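Me: I am new to this structure and would like to learn how to read its features. Please take them one at a time, general idea before particular case.

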Amino acid sequence: MTRRKRILSGNRPTGRLHLGNYLGALQNWVKLQEEYDCFYMVADWHALTSDYADTRDMPGNIESMVLDWLSAGLDPERSVLFIQSKVKQHAELALILGMFVPLPWLERCPTYKEALAQIQEKDLRTYGFLGYPVLQAADILIYKADTVPVGEDQLPHLELTREIARRVNFIYGEIFVEPQHILSRVPKLLGTDGRKMSKSYGNCIYLSDSEKTVNEKVSQMVTDPARVRKTDAGHPEVCSVFDYHKVFNPDRTDEIADGCRNATIGCVACKKILAASLNTVLEPMRARRADLMNRPDYLKQVIEDGNRRAFEEAERTMAVVRPALNLTP
Ligand code: TRP
Ligand code: SF4
């Protein structure tokens, strides 16, 4: 039997996951389990690189993310779900890789430059933040991942990971696998107010929202501002509810657009259809979540088990890396 290809991906624990996170990554992660051996990591050290000043929410954020993962269908029987900081070999490898990485590779990284330019409220001129992609390369290379599912913004980090792998393999012999990426090609989901979906705007629909909350959020969504009365003709192309229908009701968009333009469907009814579709997606997650809440020890067990399996894999790679660099046992 040929070895199944291996996936690694990760996410910084920043709190509850929303529908945008689900469509942009998690849904894809769930599907990939069918074909690949998957390692999914809570990147808590990566979260620290920018959020070092206040870490109080970290434990809660980690737990809620793993809960969202399991609710959404990541399956610990098939995939290794683990916490980065519990596998110290990531830090060891990142430190070693740092010896090879020329500073300009990091300084010219677009994610780095953008964060420095855009984020004023945190001081990101730190060694840790500059080294973010080196740690990410270590995360990937230490599992010899063949493929890394990521969003487009992460492509420079993947490119850097490949360059680092090539450099190490050239100097020390074939140790690492050069990873490919898979882009999740999902339409971007905006927030309920038509701006980018973001916690700080308070415009998110969370995977953990109840049916009632979803109904309320959808009923408050921004629609075509020119459509004041039900008898006014609407313009679906400027309506954020319609953007959601395109994602969640692709088969009904013509019918809904016509109904909106002819004023035969009102916004209230249109939103009801949308809320029902969202609840259809979220209902199985709610059921799994309710089940998990009844078994608090299970979550702990899943994480411990994942940490152990990741540790073993990471240690296997480091057992090759250390002697290759003549670091004596
Ligand atoms: N940088 C990634 C993000 O912000 C998170 C991450 C950390 C990651 N390590 C990784 C993603 C390794 C893929 C592989 O989304
Ligand atoms: Fe938007 Fe639907 Fe109202 Fe048209 S009917 S404006 S698509 S909510």
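Reply: Helices (H or I, at least four residues) and strands (E, at least two) are DSSP runs, numbered from the N terminus. A residue is near a molecule if one of its heavy atoms lies within 4 Å of it. In this predicted model, local features need pLDDT of at least 70 and side-chain atom pairs count only at pLDDT 80 or more, whereas totals for chains, interfaces and linings use all residues. Residues are numbered from 1 along each chain as its sequence is written, chains are lettered from A and ligands numbered from 1 in the order in which they are written, and side-chain values use heavy atoms, without hydrogens and water.

Me: Which elements each supply at least two residues of the shell around ligand 1?

Reply: They are strand E1 (6–11), helix H8 (132–141) and strand E4 (147–150). H8 gives the largest share, four residues. In total, 14 residues surround ligand 1, and the closest are Arg12, Tyr132, Gln136, Asp139 and Gln154.

Me: Which side chains have polar atoms by a nitrogen atom of ligand 1?

Reply: A polar contact is a pair of N or O atoms within 3.5 Å; within protein, one must be able to donate a hydrogen and the other to accept it, and residues adjacent in sequence count only if both atoms are side-chain atoms. Here a polar side-chain atom of Asp139 is 2.7 Å from a nitrogen atom of ligand 1. For Gln154 the distance to a nitrogen atom of the ligand is 2.9 Å, and for an N or O atom in the side chain of Gln136 it is 3.1 Å. Ligand 1 taken alone exposes 370 Å², of which the protein buries 93%; accessible areas come from the Shrake-Rupley method with a 1.4 Å probe, and for residues only the protein chains shown count as cover.

Me: Where does a charge sit over a ring?

Reply: The rule asks that NZ of Lys or CZ of Arg be within 6 Å of the ring centre and within 35 degrees of the ring normal. The charged end of Arg195 sits over the ring of Tyr201, 3.9 Å from its centre. Arg295 lies over the face of Tyr298, with 4.3 Å to the ring centre.

Me: Is Asn326 buried or exposed?

Reply: Buried means under 20% relative accessible area, exposed over 50%, and partly exposed in between (1.4 Å probe, protein chains only). Asn326 is exposed, at 66%. This residue lies in the segment after helix H14 (296–324), and its phi is near 60 degrees, a positive value in a residue other than glycine.
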